[in-house]
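Please look over the sequence and the model shown below before reading on.

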Amino acid sequence: MKTIAAFKWAMNPHNELMATDGTLKWTANRQDTSDDDMAAIKVAVDLAAGDEVVALTVDSGDLSFAAARGADRTVAISGVEPSAQPLEIAQALADAIDELGIGAVAIADCFWSPMVAPLTAGILGWPCIMGVDEARAEGDDIIVTRRFGTGTQDVKVTGKVILGVAARRQEEKAPSMRAVLQARKKPVDKADKTAVPVALFQQDGVRKPEAHVSRVFDATEDLDGAIEQFISACKAEGVL
């Protein structure tokens, strides 16, 4: 079964800084890979079971990232700015997926930009399963294992589907240098899917929340009194 692994389309929020004047700045103005991306690639490779895996990403940074982890070729989308909104990213991904004509897509269920996976599915008109751990082919169907409550649930899918994959841990074993060098020899195709601007909210400014002085209950001399004050304060705030 041919699959698509969509990766590296979101910016890392840890690179976001707020200046003293309330403006937001990025220490790295580019899309970055996450643990969820690595997990999505693994799901796509396992589901393909030897068939072709096409990696789909934006045209920036390391384009051999998925190839070093099992993808056969990479399609890099140009025209998607790092600051693109989720709907813009989803539209570009959906256009590329539709053009590739492959109906099994693993994409990061990424907390960096959690709306992209379901938005992509909505644009394509496909079902979307989130919180995916793994997937396997069973004839023409796909058996998807996803998180469900405190355990997992198996879902049988027939037809095209978007799989939102969420990592449970960091990558256990990174590709060797030899695998990385070989991955750079795999084909990379370019696709111009310029993100169409969408209606956005106007941001007037950003500010830090007001700081509140902590209330300290001194129990060094009167423990019972401090406990009583603490309980009274909690009741006053509606906590108890």
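The accessible surface of the chain comes to about 14200 Å², and 50% of that surface belongs to carbon and sulfur atoms; such areas come from the Shrake-Rupley method with a 1.4 Å probe, and for residues only the protein chains shown count as cover. This is a predicted model, in which local features need pLDDT of at least 70 and side-chain atom pairs count only at pLDDT 80 or more, while totals for chains, interfaces and linings use all residues. Residues are numbered from 1 along each chain as its sequence is written, and side-chain values use heavy atoms, with hydrogens and water left out.

**The chain as a whole**

- The chain has 5 helices and 13 strands, where helices (H or I, at least four residues) and strands (E, at least two) are DSSP runs numbered from the N terminus.
- The radius of gyration of the chain is 23 Å, whereas a compact globule of 240 residues would have one near 18 Å; this radius is taken over C-alpha atoms, and the globule rule is 2.2 Å times the number of residues to the power 0.38.
- Along its principal axes, the C-alpha trace of the chain spans about 70 × 45 × 40 Å.
- Of the 240 residues of the chain, 39% count as buried, a word that stands for under 20% relative accessible area, while exposed stands for over 50% and partly exposed for values in between (1.4 Å probe, protein chains only).

**Nonpolar cores**

- The largest nonpolar core has 30 residues, of which Trp 9, Leu 56, Leu 93, Ile 97, Ile 107 and Ile 162 touch the most other members; a nonpolar core is a set of buried Ala, Val, Leu, Ile, Met, Phe, Trp, Tyr and Cys residues joined through side-chain atoms within 4.5 Å.
- At least two residues of this core come from each of β1 (3-6), β6 (53-58), β7 (73-78), α2 (86-100), β8 (104-108) and α3 (116-124), and α2 gives the most, with 6 residues.
- A second, separate core holds 26 residues, including Ala 39, Val 43, Leu 47 and Ala 106.

- Val 161 has its place in strand β12 (residues 161-165), and Val 161 counts as buried because its relative accessibility is 0%.
- Leaving aside neighbours within four places in sequence, Val 161 is in contact with residues including Gly 103, Trp 126, Pro 127 and Ile 142.
- Val 144 is found in strand β10 (residues 141-148), and Val 144 is likewise buried, with a relative accessible area of 0%.
- Val 144 and Ile 129 are 15 residues apart in sequence and 8.3 Å apart in space, C-alpha to C-alpha, and Ile 129 is among the residues that Val 144 touches.

**Residues in loops**

- Lys 8 lies in the loop between β1 and β2 (10-11), has a phi near 50 degrees, a positive value in a residue other than glycine, and is buried, with a relative accessible area of 3%.
- Ala 49 lies in the loop between α1 (35-48) and β6, has a positive phi of about 50 degrees although it is not a glycine, and counts as exposed at 66% relative accessibility.
- Gly 125 lies in the loop between α3 and β9 (128-138) and counts as exposed because its relative accessibility is 62%.
- The C-alpha atoms of Gly 125 and Val 161 are separated by 9.3 Å, although these residues are 36 residues apart along the chain.

Note on methods. Contact = heavy atoms within 4.5 Å.
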